[in-house]
Amino acid sequence: MKGGKLIIFSAPSGSGKTTIVRHLLEQPELNLAFSISATSRPRRGKEKHGEHYYFMRLSEFKQHIKDDDFLEWEEVYRDNFYGTLKSEVERLWSEGKNVIFDIDVAGGLRIKKKFPDKTLAVFVKPPSVDELKIRLKKRSTESDDKINMRIAKASVELATAPQFDKIIKNYDLDKALEEAHKLVADFVGAKTEA
Ligand code: 5GP
C-alpha cells in the first residue's frame with residue numbers, strides 16, 4: 001500500500017477526539033479525508049451508513065476478518081467489532097488524500113506499527129475519568145451499563161498514552177483544537193497562518 005500520510009487520533013470515548021477530528025477535516029490545507037470504519041455495533045441516533053461507519057452484521061464482519069480485508073480490527077466492546085478496511089485507506093489514498101482516523105488505542109498503535117514513518121499517532125487525554133463520565137452521560141445516547149463499560153476501558157487506555165507520538169490534553173477545547181491543527185499541519189507539511 002502506498003500513498004499519503006496517516007493521522008491517528010485515539011482516546012477513551014468521551015475525550016473529545018471526534019470533535020477534534022471533525023475540526024481538522026474542515027481545514028482545506030491539511031488535505032485530509034476521514035477513514036470510515038466498519039463496525040458490527042448498532043447505529044446510534046442520526047448516524048449514517050457510509051458516512052459515520054460502514055454498519056454490518058457480525059457475520060459479515062467476521063467474513064472480512066477471514067478474508068484478511070482489514071488493516072486492523074478490534075473487538076472494542078463485547079460483540080462490538082470495529083475495523084479499518086484496507087480498501088477504505090486505498091480509496092482515500094487514490095484520491096490523493098492524507099487519511100485521518102478516529103479509532104481506539106489498540107487499533108491506532110497497530111497502524112502506527114505497520115506504517116511507522118508515514119503515521120502521526122496522537123493520544124487525546126481527557127481531564128479525568130470523572131469528567132469522562134459526565135461527558136458520556138451528557139451525550140445520553142446509551143444505557144448506564146454501556147457507559148460504565150466505556151469508563152472501565154478508559155482507565156486501561158489512559159495507560160497507553162506514552163506509546164503515542166504526541167499527547168494532547170483536552171482540558172480546554174479551543175486550545176486542544178489549535179494544538180491539534182498545528183501538529184497535523186507540521187506533519188503533513190501544510191502552511192498555516194500564524
Ligand atoms: P463508538 O461506538 O463510540 O463510535 O466507538 C467506540 C470506539 O471504537 C471508539 O474509541 C472508536 O474510536 C473506536 N473505533 C472506531 N472505529 C474503529 C476502527 O476502525 N478500529 C478500531 N480499532 N477502533 C475503532
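Two strands count as paired when DSSP finds at least two bridges between them, and helices (H or I, at least four residues) and strands (E, at least two) are themselves DSSP runs, numbered from the N terminus. What you have here is a predicted model, in which local features need pLDDT of at least 70, side-chain atom pairs count only at pLDDT 80 or more, and totals for chains, interfaces and linings use all residues. Residue numbers start from 1 along each chain as its sequence is written, and side-chain values use heavy atoms, with hydrogens and water left out.

E5 is mostly covered, with 6 of its 8 residues buried, where buried means under 20% relative accessible area, exposed over 50%, and partly exposed in between (1.4 Å probe, protein chains only).

Most residues other than glycine have a negative phi. Yet Asn31 has a phi near 55°, and Asp68 has one near 60°. Asn31 sits in the loop between H1 and strand E2 (32-34) and counts as partly exposed because its relative accessibility is 29%. Asp68 is in the loop between helix H2 (58-66) and E5.

Now follow E2 into the sheet. It runs parallel to E7, with 3 bridges between them, and E1 is also parallel to E7, joined by 4 bridges. Ile100 in E7 is the bridge partner of Ile7 and also of Phe34. E7 (residues 98-102) has 5 of its 5 residues buried. In a regular strand the side chains alternate between the two faces of the sheet. Both faces of E7 are covered, with Asn98, Ile100 and Asp102 on one side and Val99 and Phe101 on the other.

Next come the nonpolar cores, each a set of buried Ala, Val, Leu, Ile, Met, Phe, Trp, Tyr and Cys residues joined through side-chain atoms within 4.5 Å. The largest has 20 residues, of which Phe9, Ile20, Leu24 and Val184 touch the most other members. Strand E1 (6-10), H1, strand E8 (119-125) and helix H7 (173-188) each supply at least two of its residues, and H7 has the largest share, 6 residues. Leaving aside neighbours within four places in sequence, Leu24 is in contact (heavy atoms within 4.5 Å) with Phe9, Leu30, Leu32, Ile100, Ala180, His181 and Val184. Apart from this core lies another, of 18 residues, including Trp93 and Val105.

Finally, the largest pocket has a volume of about 1100 Å³. Of its 42 lining residues, Thr18, Arg44, Tyr53, Asp102 and Arg139 are the closest to its centre. (On a 1 Å grid over the protein atoms alone, a pocket is an open set of points where a 1.4 Å probe fits, with protein on both sides within 12 Å along at least five of seven lines; lining residues have an atom within 4 Å of a point. Points are joined across faces, edges and corners, and the volume is the space filled by probe spheres set on them.) H1 gives the most to the lining, with 6 residues.
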